[in-house]
There are 4 protein chains.
Amino acid sequence: MKVSIVGVTGYSGLELLRYLRQHPYVEIVSIHSHSMNKKSFESSYPHLKQLISLPLEEMDPEKIMQQSDLVFLATPSGISKELALPFIQANFPVIDLSGDFRLKEIGAYEAWYGSAAAPIEIIQKFDYGLAEYREKPQSNWIANPGCYATAAELSLAPLLVERKLELDSIVMDAKSGISGAGKGLSRMTHYSESHDNMALYKMNSHQHIPEIIQQLKKWEPTLNAIQFSTSLIPVTRGIFLTAYAKLKEAMTDEELVQLYDNHFKHNPFIRIQEVGHYPVIKQVIGSNFCDIGLAYNPQMNMITIVTVIDNLGKGAAGQAIQNLNIFASFDERCGLELLPIYP
Amino acid sequence: MKVSIVGVTGYSGLELLRYLRQHPYVEIVSIHSHSMNKKSFESSYPHLKQLISLPLEEMDPEKIMQQSDLVFLATPSGISKELALPFIQANFPVIDLSGDFRLKEIGAYEAWYGSAAAPIEIIQKFDYGLAEYREKPQSNWIANPGCYATAAELSLAPLLVERKLELDSIVMDAKSGISGAGKGLSRMTHYSESHDNMALYKMNSHQHIPEIIQQLKKWEPTLNAIQFSTSLIPVTRGIFLTAYAKLKEAMTDEELVQLYDNHFKHNPFIRIQEVGHYPVIKQVIGSNFCDIGLAYNPQMNMITIVTVIDNLGKGAAGQAIQNLNIFASFDERCGLELLPIYP
Amino acid sequence: MKVSIVGVTGYSGLELLRYLRQHPYVEIVSIHSHSMNKKSFESSYPHLKQLISLPLEEMDPEKIMQQSDLVFLATPSGISKELALPFIQANFPVIDLSGDFRLKEIGAYEAWYGSAAAPIEIIQKFDYGLAEYREKPQSNWIANPGCYATAAELSLAPLLVERKLELDSIVMDAKSGISGAGKGLSRMTHYSESHDNMALYKMNSHQHIPEIIQQLKKWEPTLNAIQFSTSLIPVTRGIFLTAYAKLKEAMTDEELVQLYDNHFKHNPFIRIQEVGHYPVIKQVIGSNFCDIGLAYNPQMNMITIVTVIDNLGKGAAGQAIQNLNIFASFDERCGLELLPIYP
Amino acid sequence: MKVSIVGVTGYSGLELLRYLRQHPYVEIVSIHSHSMNKKSFESSYPHLKQLISLPLEEMDPEKIMQQSDLVFLATPSGISKELALPFIQANFPVIDLSGDFRLKEIGAYEAWYGSAAAPIEIIQKFDYGLAEYREKPQSNWIANPGCYATAAELSLAPLLVERKLELDSIVMDAKSGISGAGKGLSRMTHYSESHDNMALYKMNSHQHIPEIIQQLKKWEPTLNAIQFSTSLIPVTRGIFLTAYAKLKEAMTDEELVQLYDNHFKHNPFIRIQEVGHYPVIKQVIGSNFCDIGLAYNPQMNMITIVTVIDNLGKGAAGQAIQNLNIFASFDERCGLELLPIYP
C-alpha cells in the first residue's frame with residue numbers, strides 16, 4: 001500500500017514517518033509541507049539525516065492521487081478542511097489528524113474552534129476514527145480523534161456501555177505533555193516558563209470537550225455534559241487522564257477490572273492494569289498503547305480511572321496507522337509493535 | 001526570639017533555615033540532626049558553605065530548652081511523636097511539621113499511618129496549625145498541617161463556610177512535586193523513573209485524607225467523605241490541586257471570585273486570581289503564598305478550584321514560620337516576604 | 001538610596017526586583033518597560049500579584065533623574081546604548097546589564113554583536129563591573145559583566161595573576177540554563193525542543209569571548225586567545241563552566257585550593273570548594289555565589305576548574321546589586337544574603 | 001539465530017529487548033535475572049505488559065547453551081567476570097556489556113575498577129567491540145565498549161589515524177544522561193538532587209579513561225594521556241561529548257568535515273554533520289546513531305568535535321546488536337533501523 005503524508009514537518013507528521021518506516025505493508029511514496037523545503041527539513045530535524053530519501057514537496061493533490069493509495073493529513077485544524085476537499089471529491093482515501101471533520105453537529109465546530117466549519121455534507125462522510133469503536137471501518141474518510149478525546153473515551157466506554165455510571169457525576173482531570181501544543185512557539189511552551197511548572201488552560205473550553213461528549217452519547221444517549229479540565233505538565237510526551245464518576249451500584253475493584261478486561265479483550269492496544277496497579281506515563285511512550293487502571297472508593301461510591309497514552313502515538317500518529325490497518329484489512333498491530341521506550 | 005531546629009537536614013528543615021535566616025525577630029540558636037554531623041552536613045548541602053556557623057548537634061532537649069524559646073521539629077512522622085514528649089512535659093513550645101499530632105480522632109493515626117499514635121492526651125494539646133484558621137493561636141503546641149492538606153483545606157474553606165457545596169460531590173485531584181517525598185531514596189523518586197513521568201500513588205489511602213476531612217468538618221460537620229487523589233509530577237517543588245464540586249445553586253465566576261476575595265481579605269498569603277485567571281506552580285515557588293483561581297461550569301453546575309502552593313513553603317516551613325509569627329504576635333508576614341523565585 | 005529599574009519585565013529585571021525588595025538601604029521608586037503595561041505585567045508575572053505597588057511606566061529619563069539616585073538598565077544589548085545616553089550626559093549613575101558598554105576596543109562590538117557600537121568615548125566612561133576586580137569603584141557608570149564572562153573570569157583570575165598557566169592551553173566548556181536566552185521565543189528555547197536535550201550554539205562566536213579575553217589580558221597581557229564553547233542544558237537557571245589549562249609547573253590539589261582560598265579570602269561571594277569537592281549548579285541557585293572547585297591531573301599537567309553561578313544572580317542581577325553596594329559604599333553583601341534555594 | 005539475555009532487568013537489558021524484538025533474524029529464547037522474578041519484572045516494568053511471553057529465569061549456563069546460539073551479558077561490571085566463565089570454557093559466544101573484559105593491560109582493571117580482574121587469558125580472548133573498528137569480527141567473545149568510550153573513540157579516530165593531532169592537547173568534556181548510572185538508587189540520581197542540576201563526578205578517575213586510551217593508542221601508539229571529564233546532566237538518555245585538540249597544521253572546517261566523511265563513509269551509524277552544524281542529544285535518542293560535528297578555531301589552532309549518542313543505544317544495547325550482526329554476518333543495520341524518537 002502506498003501512502004503520502006501531508007504536514008510531515010509537524011510532530012504528528014514526524015511520528016507517522018517513524019512508525020510507517022517499519023510498517024511491513026506500507027510504503028511512503030511522498031511527503032509534503034508548505035512551510036519547509038528539503039534543506040530546511042533536514043536541518044530542522046537532524047534526527048532524519050540520511051534516513052529520508054524522498055524529496056519534500058509542496059502538496060499537489062493530483063500527483064498524490066496518481067502515486068498513492070491514501071493520504072494522511074497531519075495538518076492543523078483549519079488547514080485540513082481546505083486540503084481535504086480535492087481528495088474527497090475524487091473519492092480518494094484520507095486519514096485526517098486534525099479536528100476539522102470530527103464534530104457532526106451543525107454549529108459545534110464554529111462554537112468550539114471559532115472559525116467556519118467544513119461543509120456539513122463533507123463532515124458527515126468521515127468516520128470518527130476511535131479505532132476500537134469504528135462505525136464504518138471501510139470508510140474512505142477517517143477523522144482521527146483528538147489526543148485527549150482518545151484517552152477520555154476509552155476510559156469511560158465500558159462503564160457507559162454497561163450503564164453503570166451516574167451520568168451527571170463525570171469529572172475528568174487531564175494532563176498533557178507539551179508536545180501536544182505542537183511546534184508553534186508561544187509563551188506557554190517557552191522552556192523557562194513551562195519547565196518546573198504546571199498550568200491549567202482553556203478552562204471549560206477545550207475543543208475536545210464536544211468531541212468527547214459526541215462519542216459518549218453513542219454509548220449513553222442521555223449524557224449531556226462532563227467536567228473536563230486540561231493542564232500542561234512538564235514532559236514532552238504523554239497524556240495522564242484521571243477520571244472520576246459515581247456508580248449506580250457499588251462494585252469491587254476486582255469487578256471493575258474484570259469488566260474492563262472483558263470489554264477490551266479483543267483490543268491489543270488497551271492494557272488493563274491489575275487490581276491495585278495504576279499506569280504511569282512512561283509505560284506507553286513511543287507506542288500505541290492505552291493503559292488503564294481502576295479503583296473503587298466506597299466512601300464516595302466513586303471510581304477513579306487512570307488512563308495514559310502517548311499523545312503522539314495512540315493520541316495521533318499511532319491511532320492513525322491503526323485506522324489505516326483497519327481500513328486496509330491488515331492486522332491492527334502492523335507497524336505498531338515497537339516496545340515503549342523505557343526509561 | 002530564639003529557636004532551635006530539629007531535623008534540619010531534611011528538606012523542610014533546610015527550608016526553615018532559608019527563611020529564618022532573614023527573619024527580623026528570630027535567631028536560630030541551635031540545629032540538630034541524628035543522621036549527620038557538621039562535616040557531612042556541609043558536604044551534603046554545599047549551598048550552605050560558609051553560611052551556617054552553628055555546630056550540628058545531636059538533639060538534647062534539656063539544652064534546647066535552656067537556650068531557646070521554641071523548637072521546630074522538622075522530623076518525619078513516627079519520629080516526632082517520640083521527640084516531642086520531653087518538651088511537652090516541660091511545657092515548652094513546639095511547632096511540629098510531621099503528621100504525628102494532627103489527627104484528633106482515636107484510631108485515625110493507626111488506620112492511616114500504620115503505626116501506634118502518640119498518647120491521645122498529648123495529641124489533644126496540639127493546635128492544628130492551618131494558619132488562617134487557628135483555633136488556639138497562643139497554644140504552645142502546634143501541629144503544622146500537611147502540604148496537600150493545606151492546599152485542599154484553603155481551596156474549599158469559603159464555599160464550605162458559606163454552605164454552598166453539594167457535600168457528596170467533592171473531587172480533589174492533587175499533584176505534587178517530588179521533593180514532597182523527602183530525601184529518602186526510592187524507585188519512585190529515582191531520576192530515570194520519575195523524570196518525564198507522572199504517577200498516581202496511594203490511591204484512596206493518602207494519610208492527608210483524614211486530616212483534610214477533619215478540618216472540613218469544622219466548617220461543614222455533615223461532610224463525611226471526599227474523593228482525593230495524589231500524583232507525582234516531574235517538578236522539584238510545588239503542589240497543583242484541582243478541586244471540583246457541585247454547587248447547591250448556580251453562581252457566576254464573578255460571584256465566586258468575590259466570595260473568595262471577601263473571605264480571605266485579611267489573609268496576606270492567600271491571593272485570589274481574577275476571573276478567568278488560574279494560578280501556575282511557578283508563581284509561588286520559594287514563597288509562602290497560596291494562590292487560588294475559580295471557575296463555574298453551568299453545564300455541570302460545578303466549580304473548578306485551582307490552588308497552588310510550594311510544598312516546602314506554605315506546605316511546610318513557610319506555614320510553620322507563619323504559625324510562629326502568630327504564636328509570638330509578630331506580623332504574620334515576618335520572614336516570609338521574599339518574592340517567589342521566577343522563572 | 002533610591003533606584004529605578006528599566007527593563008523590569010525581562011528575567012534580569014525581575015531578579016533585580018526580587019533582590020532589591022529586601023535590600024536594607026535601597027528603595028525602588030520606579031519601574032519601567034516599553035513592552036508591557038501594569039495590567040499585562042501582573043498578568044504575565046502573577047508571582048508579583050499584590051507585591052508591587054508601583055505603576056509600570058514608560059521610561060522617562062527626566063523623571064527618573066528627579067526621583068532616583070541611580071538607574072539599572074536591564075535592557076537587551078542594542079537597546080541600552082540608546083537608553084543610557086541622557087543619563088550619561090546628565091552625569092547620572094547607571095548600572096547597565098547589557099553588553100553595550102563592555103568592549104573597550106574599537107571595532108570589537110561591531111565584530112561580535114553585529115551592529116553599531118555606542119560612541120567610544122561613552123564606552124570608555126564605563127567601569128567594567130566584575131565586582132571582585134573593579135578598577136574604578138566610584139565610577140558613575142558600570143557595565144555589568146555577562147553571565148558566562150563572570151564565571152570564566154573568576155575561574156582563571158588567581159592562576160593568571162600568579163602567572164601559573166600555559167597561555168595557549170586554555171579551554172573553557174561552558175553550559176548555561178535556558179533562562180540565559182531570555183524571554184524571547186525561539187525554536188531553541190521551545191520546550192519540546194530544549195527539554196531532554198543539550199545543544200552547542202554560537203560555535204567560536206559567542207559575544208562574551210572578547211569580553212573575557214579583554215579581562216584576562218588585564219592579568220596576563222600576553223594572552224591572546226582562549227577556546228570557549230557555549231551550550232544549553234535543560235535547566236532554567238545556572239551556569240556550569242569547566243575550564244582546563246596546562247600549568248607551567250606541577251601543583252598539588254592542595255596548593256591549587258590554597259592559592260584560590262588566599263586569592264579570594266576577602267570576597268564573600270566566592271566560595272572555594274575543599275580538595276576533592278566540585279560544585280553543582282543547585283548550590284548557587286537564587287544567590288550571588290560563585291563556587292569553584294579545582295583538580296590537578298599530573299598525567300596531562302593540566303588543571304580542571306569547575307565553576308557554577310546563577311546566571312540571573314552573580315551572572316546578572318546579583319552582581320549588579322553587588323556593584324551598587326560597592327558604588328554606594330554599602331557592605332557588599334547587602335540585599336544578597338538570601339540562602340540559595342535548595343532543593 | 002537464537003539468543004539469551006542475562007541481566008534483562010537493567011536498563012541495557014531492557015533496551016536489548018526493545019531492539020531485538022524487531023530484529024528480522026534473531027529470536028530471544030530466554031531472559032534471565034537473579035534480582036527479579038516474572039511477577040516483579042512485569043510489575044516493575046509495566047511497559048512490557050502482554051509483550052513478553054517468555055518466563056524470567058535464573059541464569060543456567062547449561063540450559064542457555066542448549067537453547068541459544070549466543071548470550072548477551074547485560075550485567076554490571078564485577079558480575080560478568082563470574083558469569084561469563086562457563087560460556088567461555090564451552091567455547092560459546094558471549095557479548096558482554098560490562099567493563100570486565102575490556103582492559104587488556106595487566107593491573108589496569110584493578111587500578112580503575114578497584115577489584116580483582118578476570119583472568120588475563122580470558123580477557124585476552126575478548127575482541128573489543130567498537131563496531132566500526134573490530135579487530136577480530138568473528139571472535140566468539142566480544143567486550144562491548146563503554147558508553148563514554150564509544151563516543152570518545154569515534155570522535156577522535158579519523159584525526160588520530162591521519163596523525164593530525166598534537167597528542168598532548170586532547171581535552172574531552174563528556175556529559176551523560178542519568179540512565180547511565182543505571183537503576184541503582186543513589187543520592188546523585190535522586191530526582192530532587194539531580195533535576196535542575198549538573199554535577200561533575202569521578203574527577204580524573206572514571207573507569208572509561210584507560211579504555212579510551214587503550215583504543216586511541218591503537219591509532220597513535222605514542223599517545224599517553226588525555227584529559228577526560230564526566231558530568232551528569234538532567235536528561236534520562238544521551239551522551240554529549242565535546243572534544244578539543246590542537247592540530248599539527250591548520251585545516252578548514254570543510255577539510256575537517258571531508259576527512260570525517262571519507263573516513264566513515266562505509267559506516268551507516270556515523271553521521272557527520274555539515275559544516276556549521278553540530279548535533280544535539282535529541283537527534284539520536286532511541287537509535288544506534290553516533291552523530292559528529294566539527295569546527296576549527298584558527299585563533300587557537302584548535303578543533304572542537306561535538307559527538308552525541310544514546311548511552312543505551314550506540315553506548316550499550318545498540319552497539320551490542322551491531323556487534324551481533326557483524327559476528328553473524330548479518331547486515332550491520334538489522335534490528336537497528338528505528339528512527340530516533342523525536343521530539
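This is a predicted model: local features need pLDDT of at least 70, side-chain atom pairs count only at pLDDT 80 or more; totals for chains, interfaces and linings use all residues.
**The annotated cysteine**

Let's start with A:Cys147, which an unreviewed UniProt entry lists under "active site". In chain A, A:Cys147 sits in helix H8, which covers residues 147-161. Its relative accessibility is 15%, so A:Cys147 counts as buried, the cut-off being under 20%. Beyond its neighbours within four places in sequence, A:Cys147 touches A:His208, A:Ile239, A:Ile309, A:Asn311 and A:Gly315.

**Where the chains meet**

Now for the interface, summarised here:

| Item, chain B with chain A | Value |
|---|---|
| Residues from chain B | 44 residues |
| Residues from chain A | 44 residues |
| Buried area | about 3,600 Å² |
| Salt bridges | 4 salt bridges |
| Polar contacts (both at pLDDT 80 or more) | 26 residue pairs |

Carbon and sulfur atoms give 61% of the area buried between the two chains. Three methionines stand out on the chain B side: B:Met198, B:Met203 and B:Met300 supply 15% of the area that chain B buries against chain A, more than any other three residues.

A salt bridge links A:Lys175 to B:Asp173, with 3.1 Å between the closest N and O atoms. On the side of chain B that touches chain A, the elements giving two or more residues include strand E8 (171-176), helix H9 (191-194) and strand E14 (302-309) of chain B. That side of chain B divides into 24 nonpolar, 12 polar and 8 charged residues.

Conventions. Residues are numbered from 1 along each chain as its sequence is written. Chains are lettered from A and ligands numbered from 1 in the order in which they are written. Side-chain values use heavy atoms; hydrogens and water are left out. UniProt positions are given in the numbering used here, feature names are shortened, and annotations may be inferred rather than shown by experiment. Helices (H or I, at least four residues) and strands (E, at least two) are DSSP runs, numbered from the N terminus. Buried means under 20% relative accessible area, exposed over 50%, partly exposed in between (1.4 Å probe, protein chains only). Contact means heavy atoms within 4.5 Å. Buried area is the accessible area (1.4 Å probe) that two parts lose on being put together, summed over both. A salt bridge is a side-chain nitrogen of Lys or Arg within 4 Å of a carboxyl oxygen of Asp or Glu. A polar contact is a pair of N or O atoms within 3.5 Å; within protein, one must be able to donate a hydrogen and the other to accept it, and residues adjacent in sequence count only if both atoms are side-chain atoms. Ala, Val, Leu, Ile, Met, Phe, Trp, Tyr, Cys and Pro count as nonpolar, Asp, Glu, Lys and Arg as charged, and the others, Gly among them, as polar.
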